[in-house]
Amino acid sequence: MTLGIIGGTKLSTTLGNKYLSRGLGVVFGVREEFAPKQIEWKILKMQEDKVFGYCQAMEKADMVLVCCENEFLPLVCECLEQYKDSGKIIIDCTNGQYKPELGCNTCYIQKTTGYKKLFKAFNNLGLDYPNSDPLELVKETYFCGDPGEDKLKVKKLIELVGFKAIDAGKLENAPLLEAFYHLRKQISQQKQENIDYHFKLMSV
């Protein structure tokens, strides 16, 4: 199986390297004018079989993780629309802006592309991960999507890199996962400290 990780972000390289270390094939998709600045991206760009354009990476992948900045999401959706009948599994790892009237990114992807095999996961980490968790203490991520064999594949993919996969129900719950992310960011800002806060799920 080949993963396509879309977006020139810290989350992209972090997740990509985790999956590469587990023996999975990984390709990265970036915009045409992307200029690598971080050492991780420079190393990846030196390899001919790792970094491609958005559409090229999706074409090569069986599963696609969307980890791009919001400003590039429309371009990503243009490529996704080409593969809506391909059977590829798409996992949205992003968060919309903190403006409820704009809706969530997952809803935007679904509405724009008509994609059926769409899930949400890893968005609690944020695009700057692991900068938001330098000690890598966060060991769980929430995921949602319609039940079935594909959802089990997403769960196994999450667990493969050491996260506890917490099922948050159907895809219609994606806005709740984004709200969860925004809540922790608001708490971090209110504390006025140069640290991030994260939630941990407990059963009692």
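Predicted model: local features only at pLDDT ≥ 70, side-chain atom pairs only at ≥ 80, totals over all residues.
β4 and β5 run parallel and are joined by 4 bridges.

Then I looked at the other neighbour of β4. β1 and β4 are also parallel, with 4 bridges between them. I picked out one of the pairs: I6 has V66 in β4 as its bridge partner.

Side chains of β4 came next. In a regular strand they alternate between the two sheet faces. Here M63 and L65 point one way, V64 and V66 the other, and I found all of them buried.

Zooming out, I counted 6 strands in an open sheet, ordered β3-β2-β1-β4-β5-β6, with parallel pairing. β3 (51-53) and β6 (118-120) are at the edges with a single partner strand each, so one side of each has no neighbour in the sheet.

Strand β2 (residues 25-30) pairs with β3 in the parallel sense over 3 bridges, and G29 has F52 in β3 as its bridge partner.

Last, the helices. Helix α1 (residues 10-21) lies across β1 (2-6), β2 and β4 (63-66), and I noted about 165° between α1 and β2. Helix α5 (residues 105-113) packs on the sheet as well, touching β5 (89-92) and β6, and its direction makes about 175° with that of β6.

How values were computed: Residues numbered from 1 in each chain as written. Heavy atoms only, no water. Pairing = 2+ DSSP bridges. Helix = DSSP H or I, 4+ residues; strand = E, 2+ residues; numbered from the N terminus. Contact = heavy atoms within 4.5 Å. Axes fitted to C-alpha atoms, helices over the stretch in contact; angles between N-to-C directions. Buried < 20%, exposed > 50% of the residue type's maximum accessible area, 1.4 Å probe, protein only.
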